[in-house]
Amino acid sequence: MVICPKCKSDRTAPILYGYPSHEAFEAAERGEILLGGCELIDSMPHEDYGCLECGYCWSKELLPATKITKIRYKVAENGPCTLDSRNVRIYEVYLDGKCVEYLYQGQCRRYQFKTEEKISNQRVYKLACRLQKIIGAPLWEKDIVEGQVCDGCSYELQITYADKRKEVIKGDVAGGTFDSMLEEFIHSVFNDER
Ligand SMILES: [Zn+2]
């Protein structure tokens with residue numbers, strides 16, 4: 001369910017662009033979709049959801065960084081090691097400054113270590129701003145480097161927004177844009193040498 005990041009209402013609907021069909025008009029009347037008009041610039045992020053309660057329109061790419069509620073960064077070893085010795089690290093960063101690290105080993109479903117740190121919410125906000133600046137950039141300004149390695153670690157970055165939707169970015173930990181940013185951040189928070 002998508003909720004309005006402004007008034008928290010769950011009476012929201014996706015926005016349909018382009019010239020609407022007869023069915024689309026009817027669906028809009030029932031409040032199932034919103035009509036966004038025909039003007040749309042390709043490769044530019046645009047609002048894809050609207051609130052029927054307060055009229056606010058947004059997309060997760062265009063939301064301000066303050067509307068990020070959680071950043072989750074998962075790093076898994078891939079490569080020559082077997083599943084039993086595989087290490088997985090999960091970092092959860094919340095906007096209030098709470099940062100949690102979980103360490104999983106092998107196929108064990110329960111974490112082996114959990115470390116919690118509290119940092120200033122300003123530091124988290126700065127990271128959220130840096131991420132959102134890249135995510136919300138128009139395509140021609142998106143300067144994302146993706147590093148690639150065969151037997152290092154892969155990552156999954158999950159950003160949760162106030163509308164309950166998630167942005168998921170995956171790649172290898174190899175000096176790319178997102179992994180460098182997150183690696184730098186978590187090392188400064190947890191101060192570990194890995
Ligand atoms: Zn609303």
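The chain has three helices and 10 strands, where helices (H or I, at least four residues) and strands (E, at least two) are DSSP runs numbered from the N terminus. Read from the N terminus on, these elements follow the order β-α-β-β-β-β-β-β-β-α-β-β-α. This is a predicted model, in which local features need pLDDT of at least 70 and side-chain atom pairs count only at pLDDT 80 or more, while totals for chains, interfaces and linings use all residues. Residues are numbered from 1 along each chain as its sequence is written.

Along its principal axes, the C-alpha trace of the chain spans about 60 × 35 × 30 Å. Of the 194 residues in the chain, 20% are buried, a residue being buried if 20 or more other C-beta atoms, placed from the backbone, lie within 10 Å of its own, exposed if 12 or fewer do, and partly exposed in between. Among the contacts in the chain with a separation of 6 or more, 54% come from residues 24 or more positions apart, two residues being in contact if their C-beta atoms, placed from the backbone, lie within 7 Å.

K8, in the segment before β1 (12–17), has a phi near 70°, a positive value in a residue other than glycine; K8 counts as exposed because it has 12 C-beta neighbours inside 10 Å. K164 lies in the loop that connects β9 (153–161) and β10 (166–172), and its phi, near 80°, is likewise a positive value in a residue other than glycine. Because K164 has 14 C-beta neighbours inside 10 Å, it counts as partly exposed.
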